Amino acid sequence: MQLLYENLEQTVAVILFGIGFTILLLQRNLIRKIIGLNIMDTAIYLFLASMGYISGRKAPIVVDGVTEVSAYINPIPAGLVLTGIVVSVSFTGILLALTVRLYRRYNTLDIDVIALLAKGEDA
Amino acid sequence: MSKRRSDWQTRPQARIRKWFQQGFTALDDEIINQISQQTIQQPEVSQMMEAQREAMDTRRYERSLALERLERHELQAWVRTRGRKAIGRVYVALALAMAVLMIFFLLETVAHMPRFGDPNAPVTNEVTERYITRGVEETGAVNIVAGMILDYRAFDTLGESTVLFIAASAVLILLRIDRRKDGTPVQELIAAESDDRHYEPRADRILQGSVMVLTPIILLFGIYIILNGHLSPGGGFSGGAIISAGLILYLDAFGFDKAGRFFTYKTFAWVSFFSLSFYALAKAYSFYMGANGLPSGIPLGTPGAILSGGLIMPLNIAVGMVVSCTMYIFYALFRKGGL
């Protein structure tokens with residue numbers, strides 16, 4: 001417990017990830033599933049950002065020509081988080097567009113009902 | 001089968017053909033045959049018994065079939081009602097167990113990770129050291145993150161912009177409502193227009209007045225963030241998002257007619273095309289020069305000045321344009337299915 005408390009940010013990130021995963025598994029509404037996926041994304045960003053932080057150091061923007069490693073935090077996780085945000089925005093857009101199409105066709109957002117209706121269409 | 005064949009043999013055309021081929025005698029034979037068959041056909045006892053047995057067999061078979069069907073129907077009904085509930089409960093329990101197990105294992109891992117803010121964590125390795133100590137003199141950007149994503153890892157950022165562009169194209173394919181070829185609107189388009197007119201604010205004085213003040217400031221702030229990407233926090237992605245927020249605000253206040261004067265599908269296509277191809281060409285040039293050990297000929301400038309960092313500022317502008325166009329077109333498509 002003590003160890004978890006010292007790594008509070010990462011613990012919170014992991015719990016958020018689990019919450020998003022549970023939403024993804026349990027909710028039948030497509031919009032809620034997408035929200036769960038986005039919560040998982042957010043947990044990953046929090047995790048990466050907390051991995052890059054070093055206590056007592058500044059953001060990696062060079063001021064007054066100081067270029068020592070001991071002066072700045074790790075810049076790499078910031079770049080990774082940026083990639084993650086962009087990809088998350090893209091796939092959220094595509095998933096929402098697909099959801100809109102499904103709603104227009106079946107007039108429901110419940111994934112089970114949509115599956116049943118689609119099966120009925122095939123038969 | 002036999003009935004059909006006899007029909008075919010006794011139909012008038014066949015008879016006439018027979019009469020032509022063989023004369024009257026053949027017909028006579030046939031008539032005699034028929035009469036004799038009719039007279040001979042007296043049902044025998046054994047035949048009757050057989051027929052009865054057959055009928056019983058078929059009845060039994062049908063009954064078993066019906067029973068089977070009933071059983072299956074009952075099973076289906078059970079599956080449809082209580083079975084589905086039971087399966088749903090089992091699914092929920094399994095999902096919860098899986099999630100809890102996953103959280104438990106991840107927490108166990110987190111407990112063994114290096115402490116938060118630890119300067120000796122394995123994440124802070126020689127790559128970080130290189131970026132921080134040599135970043136400014138190699139890329140010319142004061143913002144080390146900008147130097148990293150647009151110089152050391154520029155290929156990755158090109159991929160990101162392309163992912164955004166592809167996402168916008170996919171949403172365009174999925175949601176765009178086209179007119180017919182002769183320009184008359186489709187039923188869906190009319191419905192979307194009336195929905196838009198019904199649900200969205202129109203000619204709202206308060207909104208328009210505040211937008212007239214806010215939009216230029218928001219756009220200026222976005223441009224500032226893009227142009228200062230190599231000097232301060234920010235860059236193409238965040239600045240582009242801010243610019244698109246300003247554009248969306250304008251669209252909300254003044255409607256599609258006025259926004260369509262400066263942003264159409266053609267704008268989207270050309271801006272994305274020029275930005276992405278400029279990015280790709282510029283980075284191809286610098287990769288080619290760097291891989292062959294040639295001087296790139298792009299001045300890095302004095303770190304900290306606005307005109308510094310070599311290619312980083314133009315690349316930031318390209319990324320910002322792609323991002324703002326993509327976000328704006330997302331909004332327009334989700335709202336009305338077109339610009």
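Author: The bend at a residue is the angle between axes fitted to the seven residues ending there and the seven starting there, and helices are DSSP runs (H or I, at least four residues), as strands are (E, at least two), numbered from the N terminus. This is a predicted model, in which local features need pLDDT of at least 70 and side-chain atom pairs count only at pLDDT 80 or more, while totals for chains, interfaces and linings use all residues. Residues are numbered from 1 along each chain as its sequence is written, and chains are lettered from A and ligands numbered from 1 in the order in which they are written.

Helix α5 of chain B covers residues 126–139 and bends by about 50° at B:Thr133. Just after α5(B), B:Gly140 takes a positive phi of about 80°. A residue is called buried if 20 or more other C-beta atoms lie within 10 Å of its own, exposed if 12 or fewer do, and partly exposed in between, with C-beta atoms placed from the backbone; by that count B:Thr128, B:Tyr131, B:Ile132, B:Gly135, B:Val136 and B:Thr139 are buried in α5(B). The cover over these buried residues includes α4 (76–106) of chain A, as well as α6 (144–152) and α12 (312–336) of chain B, where contact means that the C-beta atoms of two residues, placed from the backbone, lie within 7 Å.

As for the chain around this helix, chain B has 12 helices and zero strands. The radius of gyration of chain B, taken over C-alpha atoms, is 41 Å, well over the 20 Å that the globule rule (2.2 Å times the number of residues to the power 0.38) gives for 339 residues, so chain B is more spread out than a compact globule. Its C-alpha atoms fill a box of roughly 120 × 65 × 55 Å along the principal axes, and 25% of the 339 residues of chain B count as buried. By an automatic or database domain assignment, chain B is divided into domain 1 (12–40) and domain 2 (142–336), and the centres of these two domains, taken over C-alpha atoms, are separated by 91 Å.
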